[in-house]
Amino acid sequence: MTQSNSIRETYGLGLVSLGTRNRNVVVLEADLGKSTRSVLFKERFPDRYFDVGIAEQNMASIAAGLALSGKIPFINSFAVFASGRAFDQIRGSICIPNLSVRIAGSSCGLSDYGDGKTHQSLEDMAIMRSLPHMAVLCPVDSAETEKMMECLENWAGPAYIRINRNDLARVYPEDEPYHIGKVTRLRDGADVAIFACGTMVTRSLEAAGNLAKSGIEARVLNVSTIKPLDRGALIAYAAGTRAIVTAEEHTVYGGLGSAIVEALRLERHAPIDFVGVQDQFGRSARNYDELLEVYGLTSREIESTARRLLG
(Lines give C-alpha, C1' and ligand atoms only; values in the text may rest on other atoms or scores of the structure.)
Protein backbone atom coordinates (compact mmCIF):
# COMPACT_ATOMS: atom_id res chain seq x y z
CA MET A 1 0.00 0.00 0.00
CA THR A 2 3.00 2.32 -0.03
CA GLN A 3 3.33 2.48 -3.80
CA SER A 4 1.22 5.03 -5.65
CA ASN A 5 0.40 5.12 -9.34
CA SER A 6 -1.71 7.18 -11.67
CA ILE A 7 -4.99 5.58 -12.69
CA ARG A 8 -5.21 8.09 -15.56
CA GLU A 9 -1.84 7.07 -16.96
CA THR A 10 -2.65 3.38 -16.57
CA TYR A 11 -5.92 3.93 -18.42
CA GLY A 12 -4.13 5.67 -21.29
CA LEU A 13 -1.52 2.92 -21.51
CA GLY A 14 -4.34 0.38 -21.42
CA LEU A 15 -5.86 2.00 -24.49
CA VAL A 16 -2.52 1.67 -26.27
CA SER A 17 -2.24 -1.98 -25.26
CA LEU A 18 -5.73 -2.77 -26.55
CA GLY A 19 -5.10 -0.83 -29.74
CA THR A 20 -1.87 -2.69 -30.36
CA ARG A 21 -3.49 -6.10 -30.41
CA ASN A 22 -6.90 -5.16 -31.81
CA ARG A 23 -7.19 -2.83 -34.79
CA ASN A 24 -10.91 -2.40 -34.16
CA VAL A 25 -10.22 -0.36 -31.02
CA VAL A 26 -10.80 3.35 -31.71
CA VAL A 27 -10.70 6.31 -29.34
CA LEU A 28 -12.82 9.46 -29.29
CA GLU A 29 -12.00 12.50 -27.19
CA ALA A 30 -13.82 15.71 -26.21
CA ASP A 31 -10.86 18.11 -26.19
CA LEU A 32 -9.41 16.79 -22.90
CA GLY A 33 -6.92 14.22 -24.17
CA LYS A 34 -3.94 15.44 -22.16
CA SER A 35 -5.99 15.22 -18.98
CA THR A 36 -7.81 11.94 -19.65
CA ARG A 37 -4.53 10.55 -21.07
CA SER A 38 -6.23 9.31 -24.21
CA VAL A 39 -3.49 11.36 -25.88
CA LEU A 40 -1.22 8.33 -25.43
CA PHE A 41 -3.40 6.45 -27.92
CA LYS A 42 -3.28 9.43 -30.30
CA GLU A 43 0.51 9.41 -30.26
CA ARG A 44 0.59 5.73 -31.20
CA PHE A 45 -2.45 5.43 -33.48
CA PRO A 46 -3.37 8.88 -34.86
CA ASP A 47 -5.50 7.36 -37.63
CA ARG A 48 -7.79 5.73 -35.03
CA TYR A 49 -8.11 8.76 -32.74
CA PHE A 50 -10.88 11.32 -33.17
CA ASP A 51 -10.98 14.56 -31.18
CA VAL A 52 -14.49 15.91 -31.68
CA GLY A 53 -13.95 19.03 -29.59
CA ILE A 54 -16.30 20.11 -26.83
CA ALA A 55 -19.18 18.12 -28.29
CA GLU A 56 -19.88 15.18 -26.01
CA GLN A 57 -23.31 14.43 -27.46
CA ASN A 58 -21.87 14.22 -30.95
CA MET A 59 -19.03 12.04 -29.65
CA ALA A 60 -21.49 9.52 -28.20
CA SER A 61 -23.46 9.39 -31.45
CA ILE A 62 -20.31 8.90 -33.53
CA ALA A 63 -19.22 6.13 -31.20
CA ALA A 64 -22.56 4.39 -31.71
CA GLY A 65 -22.04 4.48 -35.48
CA LEU A 66 -18.52 3.12 -35.14
CA ALA A 67 -19.78 0.28 -32.92
CA LEU A 68 -22.40 -0.61 -35.53
CA SER A 69 -19.60 -0.88 -38.09
CA GLY A 70 -17.68 -3.38 -35.96
CA LYS A 71 -15.34 -1.05 -34.07
CA ILE A 72 -14.77 -0.98 -30.31
CA PRO A 73 -15.03 2.72 -29.41
CA PHE A 74 -13.74 4.27 -26.18
CA ILE A 75 -15.14 7.75 -25.57
CA ASN A 76 -13.45 10.08 -23.11
CA SER A 77 -14.33 13.17 -21.10
CA PHE A 78 -14.57 14.30 -17.51
CA ALA A 79 -17.07 12.12 -15.65
CA VAL A 80 -19.49 14.99 -15.07
CA PHE A 81 -19.74 15.62 -18.83
CA ALA A 82 -19.50 12.02 -20.00
CA SER A 83 -22.42 10.95 -17.82
CA GLY A 84 -24.51 14.12 -17.82
CA ARG A 85 -24.08 16.12 -20.98
CA ALA A 86 -24.31 13.12 -23.32
CA PHE A 87 -26.97 11.19 -21.39
CA ASP A 88 -29.65 11.33 -24.09
CA GLN A 89 -27.30 10.04 -26.79
CA ILE A 90 -25.88 7.35 -24.50
CA ARG A 91 -29.38 6.20 -23.63
CA GLY A 92 -30.89 6.35 -27.11
CA SER A 93 -27.98 5.52 -29.42
CA ILE A 94 -25.82 3.25 -27.25
CA CYS A 95 -27.86 1.54 -24.52
CA ILE A 96 -31.14 0.92 -26.33
CA PRO A 97 -29.37 -0.99 -29.15
CA ASN A 98 -26.96 -2.45 -26.54
CA LEU A 99 -23.78 -1.43 -28.37
CA SER A 100 -20.27 -2.20 -27.13
CA VAL A 101 -19.18 1.36 -26.46
CA ARG A 102 -16.85 2.09 -23.53
CA ILE A 103 -17.28 5.42 -21.71
CA ALA A 104 -14.41 6.72 -19.59
CA GLY A 105 -15.50 9.24 -16.98
CA SER A 106 -12.23 10.87 -16.01
CA SER A 107 -11.60 13.16 -13.00
CA CYS A 108 -14.47 11.41 -11.23
CA GLY A 109 -15.87 12.27 -7.82
CA LEU A 110 -14.08 15.12 -6.08
CA SER A 111 -10.72 14.31 -7.64
CA ASP A 112 -10.73 17.47 -9.79
CA TYR A 113 -10.45 19.40 -6.54
CA GLY A 114 -9.43 22.73 -8.07
CA ASP A 115 -12.31 23.25 -10.53
CA GLY A 116 -15.23 23.02 -8.13
CA LYS A 117 -18.77 21.76 -8.43
CA THR A 118 -19.17 22.27 -12.19
CA HIS A 119 -16.35 19.78 -12.86
CA GLN A 120 -16.90 17.32 -10.00
CA SER A 121 -19.12 14.31 -10.59
CA LEU A 122 -20.92 12.91 -7.56
CA GLU A 123 -23.92 11.55 -9.46
CA ASP A 124 -22.34 9.65 -12.36
CA MET A 125 -22.65 6.12 -10.97
CA ALA A 126 -26.34 6.68 -10.20
CA ILE A 127 -26.94 8.05 -13.70
CA MET A 128 -25.09 5.27 -15.49
CA ARG A 129 -26.38 2.50 -13.20
CA SER A 130 -29.96 3.42 -14.07
CA LEU A 131 -29.43 2.63 -17.75
CA PRO A 132 -30.36 -0.89 -18.92
CA HIS A 133 -27.38 -2.89 -20.26
CA MET A 134 -24.77 -0.47 -18.85
CA ALA A 135 -21.91 -1.92 -16.78
CA VAL A 136 -20.50 0.51 -14.19
CA LEU A 137 -16.91 0.12 -13.00
CA CYS A 138 -14.98 1.97 -10.30
CA PRO A 139 -11.38 0.68 -9.96
CA VAL A 140 -9.56 0.92 -6.65
CA ASP A 141 -6.11 1.59 -8.11
CA SER A 142 -3.92 1.38 -11.21
CA ALA A 143 -3.39 -2.38 -10.85
CA GLU A 144 -7.12 -3.07 -11.03
CA THR A 145 -7.56 -0.48 -13.78
CA GLU A 146 -5.10 -2.42 -15.93
CA LYS A 147 -7.04 -5.63 -15.36
CA MET A 148 -10.34 -3.89 -16.15
CA MET A 149 -9.01 -2.59 -19.45
CA GLU A 150 -8.12 -6.13 -20.48
CA CYS A 151 -11.70 -7.23 -19.79
CA LEU A 152 -13.25 -4.34 -21.71
CA GLU A 153 -11.91 -5.55 -25.05
CA ASN A 154 -14.50 -8.33 -25.35
CA TRP A 155 -17.21 -7.17 -22.95
CA ALA A 156 -20.61 -7.40 -24.63
CA GLY A 157 -22.60 -4.18 -24.32
CA PRO A 158 -21.84 -0.69 -23.05
CA ALA A 159 -19.60 0.00 -20.07
CA TYR A 160 -18.75 3.05 -17.97
CA ILE A 161 -15.47 3.27 -16.08
CA ARG A 162 -14.65 5.91 -13.44
CA ILE A 163 -11.10 7.26 -13.60
CA ASN A 164 -9.69 9.14 -10.60
CA ARG A 165 -7.53 12.17 -11.37
CA ASN A 166 -5.05 11.59 -8.53
CA ASP A 167 -2.47 8.97 -7.72
CA LEU A 168 -3.91 6.29 -5.42
CA ALA A 169 -2.16 3.72 -3.26
CA ARG A 170 -2.02 0.26 -4.83
CA VAL A 171 -4.07 -2.20 -2.79
CA TYR A 172 -5.35 -4.68 -5.41
CA PRO A 173 -3.24 -7.88 -5.17
CA GLU A 174 -1.06 -8.15 -8.26
CA ASP A 175 -1.68 -11.90 -8.61
CA GLU A 176 -5.42 -11.75 -7.86
CA PRO A 177 -7.55 -12.89 -10.83
CA TYR A 178 -10.07 -10.35 -12.02
CA HIS A 179 -13.31 -10.33 -13.97
CA ILE A 180 -16.04 -7.73 -14.33
CA GLY A 181 -18.47 -8.30 -11.47
CA LYS A 182 -15.83 -9.60 -9.05
CA VAL A 183 -16.04 -8.63 -5.36
CA THR A 184 -12.53 -8.80 -3.89
CA ARG A 185 -12.01 -9.46 -0.18
CA LEU A 186 -8.98 -7.47 0.96
CA ARG A 187 -9.33 -8.12 4.70
CA ASP A 188 -11.38 -10.60 6.70
CA GLY A 189 -13.32 -10.08 9.92
CA ALA A 190 -16.51 -11.36 11.51
CA ASP A 191 -17.98 -8.25 13.15
CA VAL A 192 -18.41 -5.69 10.38
CA ALA A 193 -18.60 -5.90 6.59
CA ILE A 194 -17.33 -2.77 4.83
CA PHE A 195 -18.24 -2.61 1.15
CA ALA A 196 -16.28 0.13 -0.64
CA CYS A 197 -15.20 1.29 -4.07
CA GLY A 198 -12.56 3.58 -5.52
CA THR A 199 -10.47 5.66 -3.17
CA MET A 200 -12.70 4.72 -0.23
CA VAL A 201 -11.31 1.18 -0.23
CA THR A 202 -7.97 2.39 1.14
CA ARG A 203 -9.76 4.40 3.81
CA SER A 204 -11.84 1.34 4.68
CA LEU A 205 -8.68 -0.68 5.22
CA GLU A 206 -7.36 2.07 7.50
CA ALA A 207 -10.66 2.05 9.43
CA ALA A 208 -10.50 -1.74 9.79
CA GLY A 209 -7.02 -1.46 11.23
CA ASN A 210 -8.18 1.07 13.80
CA LEU A 211 -11.23 -1.01 14.72
CA ALA A 212 -9.02 -4.04 15.28
CA LYS A 213 -7.13 -2.18 18.00
CA SER A 214 -10.27 -2.33 20.14
CA GLY A 215 -11.14 -5.91 19.25
CA ILE A 216 -13.58 -5.23 16.41
CA GLU A 217 -12.77 -7.23 13.29
CA ALA A 218 -13.94 -5.87 9.93
CA ARG A 219 -13.90 -7.54 6.54
CA VAL A 220 -13.19 -5.09 3.73
CA LEU A 221 -14.68 -5.79 0.31
CA ASN A 222 -13.62 -3.99 -2.84
CA VAL A 223 -16.80 -3.68 -4.94
CA SER A 224 -15.29 -2.26 -8.11
CA THR A 225 -18.21 -3.37 -10.28
CA ILE A 226 -21.25 -1.37 -9.23
CA LYS A 227 -23.25 -3.04 -11.98
CA PRO A 228 -23.65 -5.93 -12.67
CA LEU A 229 -23.36 -6.87 -8.99
CA ASP A 230 -22.43 -10.36 -7.88
CA ARG A 231 -25.43 -10.68 -5.58
CA GLY A 232 -24.40 -14.10 -4.33
CA ALA A 233 -20.98 -12.85 -3.25
CA LEU A 234 -22.47 -9.80 -1.52
CA ILE A 235 -24.92 -11.96 0.42
CA ALA A 236 -22.14 -14.33 1.46
CA TYR A 237 -19.84 -11.52 2.60
CA ALA A 238 -22.62 -9.78 4.55
CA ALA A 239 -23.75 -12.99 6.27
CA GLY A 240 -22.98 -13.38 9.95
CA THR A 241 -21.80 -9.81 10.54
CA ARG A 242 -23.36 -7.46 13.08
CA ALA A 243 -23.02 -4.29 11.00
CA ILE A 244 -22.63 -3.33 7.35
CA VAL A 245 -21.04 -0.10 6.13
CA THR A 246 -20.77 1.11 2.54
CA ALA A 247 -18.22 3.74 1.51
CA GLU A 248 -18.07 5.63 -1.78
CA GLU A 249 -16.84 8.91 -3.25
CA HIS A 250 -20.29 9.60 -4.65
CA THR A 251 -23.66 10.81 -3.47
CA VAL A 252 -25.42 8.42 -1.09
CA TYR A 253 -28.36 8.43 -3.50
CA GLY A 254 -28.23 5.75 -6.18
CA GLY A 255 -24.62 4.65 -5.91
CA LEU A 256 -22.83 1.77 -4.22
CA GLY A 257 -24.80 1.95 -0.96
CA SER A 258 -28.10 1.81 -2.81
CA ALA A 259 -26.86 -1.10 -4.91
CA ILE A 260 -25.83 -3.08 -1.81
CA VAL A 261 -29.20 -2.54 -0.12
CA GLU A 262 -31.00 -3.58 -3.30
CA ALA A 263 -28.92 -6.76 -3.46
CA LEU A 264 -29.65 -7.65 0.18
CA ARG A 265 -33.29 -6.58 0.24
CA LEU A 266 -34.73 -10.11 0.37
CA GLU A 267 -32.19 -11.39 2.91
CA ARG A 268 -31.87 -11.16 6.67
CA HIS A 269 -28.94 -8.85 7.28
CA ALA A 270 -27.29 -6.60 9.84
CA PRO A 271 -28.10 -2.87 10.04
CA ILE A 272 -26.57 -0.85 7.19
CA ASP A 273 -25.40 2.73 6.92
CA PHE A 274 -23.73 4.71 4.13
CA VAL A 275 -20.54 6.77 4.13
CA GLY A 276 -20.69 9.07 1.13
CA VAL A 277 -21.55 12.58 0.06
CA GLN A 278 -24.89 13.78 1.39
CA ASP A 279 -27.32 15.87 -0.70
CA GLN A 280 -24.63 18.32 -1.85
CA PHE A 281 -22.52 19.41 -4.79
CA GLY A 282 -18.75 19.68 -4.62
CA ARG A 283 -16.57 22.75 -4.09
CA SER A 284 -13.05 23.95 -4.83
CA ALA A 285 -10.17 23.23 -2.48
CA ARG A 286 -6.39 23.46 -2.25
CA ASN A 287 -5.96 19.70 -2.51
CA TYR A 288 -7.84 16.42 -2.80
CA ASP A 289 -7.46 15.28 0.82
CA GLU A 290 -8.94 18.56 2.05
CA LEU A 291 -12.12 17.88 0.10
CA LEU A 292 -12.38 14.29 1.29
CA GLU A 293 -12.13 15.61 4.85
CA VAL A 294 -14.81 18.27 4.29
CA TYR A 295 -17.29 15.70 2.95
CA GLY A 296 -16.58 13.07 5.59
CA LEU A 297 -14.94 10.63 3.19
CA THR A 298 -12.39 9.49 5.76
CA SER A 299 -11.33 6.40 7.65
CA ARG A 300 -12.55 8.09 10.85
CA GLU A 301 -16.07 8.40 9.45
CA ILE A 302 -16.11 4.76 8.37
CA GLU A 303 -14.83 3.69 11.78
CA SER A 304 -17.35 5.80 13.71
CA THR A 305 -20.21 4.57 11.52
CA ALA A 306 -19.27 0.96 12.24
CA ARG A 307 -19.01 1.62 15.98
CA ARG A 308 -22.39 3.35 16.02
CA LEU A 309 -24.07 0.45 14.23
CA LEU A 310 -22.49 -2.00 16.67
CA GLY A 311 -23.31 0.20 19.67
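Two strands pair if DSSP finds at least two bridges between them. Strands (E, at least two residues) and helices (H or I, at least four) are DSSP runs, numbered from the N terminus. In this predicted model, local features need pLDDT of at least 70 and side-chain atom pairs count only at pLDDT 80 or more, while totals for chains, interfaces and linings use all residues. Residues are numbered from 1 along each chain as its sequence is written, and side-chain values use heavy atoms, with hydrogens and water left out.

Strand 13 pairs with strand 14 (residues 272-277) in the parallel sense, over 5 bridges. Within this pairing, Ala-247 stands opposite Val-275 in strand 14. From strand 13 the chain passes through helix 11 (residues 256-264) to strand 14 in a right-handed β-α-β crossover; with the strands pointing away from the viewer, the path from the first strand over the helix to the second runs clockwise. Strand 13 also pairs with strand 10 (residues 192-196), again in the parallel sense and over 5 bridges. There, Phe-195 has Thr-246 of strand 13 as its bridge partner.

## Burial of strand 13

Of the 9 residues of strand 13 (residues 243-251), 9 are buried, so the strand is largely enclosed by the rest of the structure. Buried means under 20% relative accessible area, exposed over 50%, and partly exposed in between (1.4 Å probe, protein chains only).

## Asn-22

Asn-22 lies in the loop between helix 1 (7-21) and strand 2 (25-29). Asn-22 counts as buried because its relative accessibility is 13%.

Beyond its neighbours within four places in sequence, Asn-22 is in contact with Arg-48, Ile-72 and Glu-153 (contact means heavy atoms within 4.5 Å).
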